[in-house]
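Dear colleague,

Please find the structure below, handed over for your use. My notes on what was found follow it.

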2 protein chains.
Amino acid sequence: MLTIGTLGKKTGTKVQTIRYYEQIGLMPEPGRTEGGQRRYGHAELDRLAFIRHSRQLGFSLEAIRELLDLSDDPDRPCHEADSIARRQLKQIEQRMARLEALRTELKRMVRECSGGNTSDCRVLEVLRDHSECLTDHEDIGA
Amino acid sequence: MLTIGTLGKKTGTKVQTIRYYEQIGLMPEPGRTEGGQRRYGHAELDRLAFIRHSRQLGFSLEAIRELLDLSDDPDRPCHEADSIARRQLKQIEQRMARLEALRTELKRMVRECSGGNTSDCRVLEVLRDHSECLTDHEDIGA
DNA sequence: TTTGAACCTCTAGCAGGTAGAGGGTGTACA
DNA sequence: TGTACACCCTCTACCTGCTAGAGGTTCAAA
């Protein structure tokens, strides 16, 4: 039987985060000692490892919830899991494209910096003048 | 004199967001009509455009606060603004590298999906088994 | 003058946690 | 058996960067 702290160490998760996952129903309510402390078994360790790995791949908690539901039911067809993963891949590719555009603009800004005073700083100037901006950024999220 | 709605349209900012920027001290308290409605001039329009453009380049509100302080003082040396921009560029390059690694792993997952049942789904299997994971993801942020 | 779009404040909510207060538990060691 | 102290508990509030809605007021065109 594992304490919450041990579980946290084994999976690289903060104790508070494990309790948070329990609160939102992603982790089950574990058994308790007489004194009320949580004790976990292997099933919970596996489940938490699954969650953490999925988070590291950028899946949202909602997507992970779906994936966990799927993996609880071995007879459901695989394409649902596959399509969640594809969706995730697409999101990541979109984010990368966006970051690529930002990188180009920032590089240009930095390259053109004169090293003088802020009054003729290229960085500030570029930020002030949106019309020089080549990229169209619809939304701001990372 | 511009209403808050007009300012919002000109800069692509929601009205609530402008009020939020005022609340956190990023935008100044503007003049008001007798009835209490906000009215803006050109200085505020420029300032908001600066903020929005910086946000679109991924700068945090704190970084923008620094940049605005710098640009308010034309005699300060430029290298502070330059280093904020370089920091931002670095962050973006780190994020891109991270996303690149995730993309590789997700692509592998999706490619290997059998199309059968979840019981032998490659996607779920990979998520369950962290040891197959080639990348080391320190933190999860986007 | 009337209509109705746009404005006002205030509070609460989103993701995905993190931090701290104030107190209880479990166990190793003497 | 006592005691130290690391770890656990709940609860609440905070973080970023907004967004939504309730309930009410103002402005400007027709």
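How many residue pairs are in polar contact between chain A and chain B? The count is 14, with both residues at pLDDT 80 or more; a polar contact is a pair of N or O atoms within 3.5 Å, where within protein one must be able to donate a hydrogen and the other to accept it, and residues adjacent in sequence count only if both atoms are side-chain atoms.

On chain A, the side that touches chain B draws at least two residues from each of α3 (42-56), α4 (61-71), α5 (79-111) and α6 (122-128) (helices are DSSP runs of H or I, at least four residues, numbered from the N terminus). The most comes from α5(A), with 20 residues.

This is a predicted model, in which local features need pLDDT of at least 70 and side-chain atom pairs count only at pLDDT 80 or more, while totals for chains, interfaces and linings use all residues. Residues are numbered from 1 along each chain as its sequence is written, chains are lettered from A in the order in which they are written, and side-chain values use heavy atoms, with hydrogens and water left out.

In total, 56 residues of chain A are in contact (heavy atoms within 4.5 Å) with 57 residues of chain B. The rule finds 2 salt bridges across this interface (a side-chain nitrogen of Lys or Arg within 4 Å of a carboxyl oxygen of Asp or Glu); R103(A) and E93(B) meet in a salt bridge at 3.6 Å, N to O.

Leaving aside neighbours within four places in sequence, L67(A) is in contact with residues of both chains, including F50(A), F59(A), L124(B) and L127(B).

Yours sincerely
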